[in-house]
Amino acid sequence: DLAAQFLRLTLPNGATLKWERHTEFTRYSLVEPLDGAPDAAPALDPAWFAGLPGRTIAAIHLELWVAPIDDPQAAIAQARRWFGHDDIVASLVGGGHSCAVTDFRLQDDGFERMLVLAPEGTSERRAGRVSARLLELETYRLMALRGLPVAKSLAPFIGEAERALAGITASLESPSESDQALLDRLVTLAVGVERATAEHMYRFSATRAYRDLVRERIAELREKPIPGTQTISEFMQRRLSPAIATVESTAVRLASLSQRVERAGALLRTRVDIAREQQNQSLLAKLAEGQALQLRLQRTVEGLSIAAISYYVVSLVLYGAKGGKAAGWLHVEPELLAGVAVPLAIWGVWRLTRKARRH
């Protein structure tokens with residue numbers, strides 16, 4: 001029968017048991033008439049509540065009495081007798097229509113106590129609204145406080161991570177540590193920060209949401225102070241605000257740490273890019289030097305090639321002239337003809353080589 005989010009059961013004695021499923025918790029509410037007998041035994045055995053699955057976050061015993069509140073001090077005196085001590089928190093609620101009293105203490109049975117004094121003729125709807133706001137107020141206060149242990153447990157980790165990040169940032173200024181070692185340290189730190197963020201950021205967001213709900217319920221109570229007694233809103237301000245501030249501070253530190261790690265990673269990438277550019281420039285300089293040496297070698301080889309080719313051309317002219325003279329076709333000394341052909345051969349080979357290089 002618990003497939004929905006809400007279930008209402010009517011017990012044989014006329015009491016009502018309500019079951020509500022919320023985002024993070026389940027609430028059981030037992031509403032029964034007192035029939036003029038305060039502190040009467042409840043319709044359900046408290047052991048039944050103790051046997052419910054899960055962990056108890058808030059257990060509250062709220063009673064609504066019909067009593068005049070024209071004299072708030074007399075009403076407070078009556079409430080003190082029920083609580084058994086004078087250290088209570090009380091205020092007029094609903095613009096002065098009712099009086100709400102509590103001490104925010106756990107009793108021996110594990111329940112807190114709340115008391116609402118309302119004058120004769122108060123409608124059930126109005127009484128229900130006041131009671132529901134008080135119950136929700138305390139429930140949301142305790143749910144908001146769930147973020148405080150998380151914030152305290154994260155404080156040592158955040159402090160250590162901030163010191164580690166400061167060390168990594170300082171190492172970025174000096175080239176003594178290798179980029180790979182810095183990257184390994186930064187990655188390890190970033191993984192830890194992101195894991196903490198993923199695990200606990202929802203709790204911090206929920207704490208802010210419950211804080212806002214507490215403020216809304218306090219505003220809906222429309223409190224008026226009773227002289228000599230602390231109001232519920234003052235108690236919340238004194239007890240809840242420091243815890244919420246601690247949670248907010250931890251959430252801000254964790255988010256800031258994540259951003260600083262990201263900036264440190266960007267600085268490290270810049271350092272690596274600069275080192276890579278320097279290596280590229282050095283490589284290009286060596287490549288240009290090699291190309292210059294290769295060009296000089298090529299020109300040297302070209303000069304030697306011109307001399308070698310010219311030598312072969314002149315040799316051909318010499319041997320041809322000797323053959324022509326032996327055959328009687330040529331009447332000039334071959335050596336003279338070869339000497340004349342030397343500059344012509346060198347010039348012709350140089351022109352052909354230059355033309356081939358230009359092509």
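1. Helices and strands are named here as DSSP runs, at least four residues of H or I for a helix and at least two of E for a strand, and they are numbered from the N terminus. With that convention, β6 supplies the largest share of the lining of the largest cavity, namely four residues. The model under discussion is predicted, and the points below should be read with that in mind.

2. The structure holds one cavity of 30 Å³ or more, and the space in the largest cavity comes to about 50 Å³. Its lining consists of A100, V101, T102, F104, M114, L115, L134, L137, E138, I232 and M236. At least two lining residues come from each of β6 (98–106), β7 (112–118), α3 (124–144) and α6 (232–327). By class, nine of the lining residues are nonpolar, one is polar and one is charged.

3. The second largest pocket has a volume of about 150 Å³, and the residues that line this pocket are R211, V214, R215, I218, S233, M236, Q237, L240, S241 and I244. Two or more of these residues are given by each of α5 (179–221) and α6, with α6 contributing the largest share, six residues. The lining of this pocket divides into five nonpolar, three polar and two charged residues.

4. On the surface, V332, L336, L337, V340 and L344 form a nonpolar patch whose accessible area is about 440 Å² together. Within this group, V332 is found in the loop between α6 and α7 (334–358), and V332 counts as partly exposed because its relative accessibility is 35%, which falls between the 20% and 50% limits.

5. The count of salt bridges comes to 14. In one of them, the side chains of D86 and R80 meet at 3.8 Å, N to O; D86 is exposed, with a relative accessible area of 58%, whereas R80, at 23%, counts as partly exposed.

6. R133 and E220 form a salt bridge in which the closest N and O atoms are 3.6 Å apart. Because R133 lies in helix α3 and E220 in helix α5, the pair ties together parts that are 87 residues apart in sequence. R133 is partly exposed at 22% relative accessible area, and E220 is partly exposed at 32%.

7. R253 forms a salt bridge with E162, with the closest N and O atoms 3.0 Å apart. Here R253 lies in helix α6 and E162 in helix α4 (residues 147–172), so this pair ties together parts that are 91 residues apart in sequence. R253 is partly exposed, at 31% relative accessible area, and E162 is partly exposed, at 21%.

Terms used:
Residues numbered from 1 in each chain as written. Predicted model: local features only at pLDDT ≥ 70, side-chain atom pairs only at ≥ 80, totals over all residues. Heavy atoms only, no water. 1 Å grid on protein atoms, 1.4 Å probe; cavity = no way out; pocket = protein on both sides within 12 Å on 5 of 7 lines; lining within 4 Å. Points joined across faces, edges and corners; volume = space filled by probe spheres on them. Nonpolar A, V, L, I, M, F, W, Y, C, P; charged D, E, K, R; others polar. Patch = residues over 30% accessible without salt bridge, like charges linked within 9 Å, V, L, I, M, F, W, Y side chains within 5 Å. Areas by Shrake-Rupley, 256 points an atom, 1.4 Å probe, with all protein chains shown as cover. Salt bridge = Lys/Arg side-chain N within 4 Å of Asp/Glu carboxyl O. Buried < 20%, exposed > 50% of the residue type's maximum accessible area, 1.4 Å probe, protein only.
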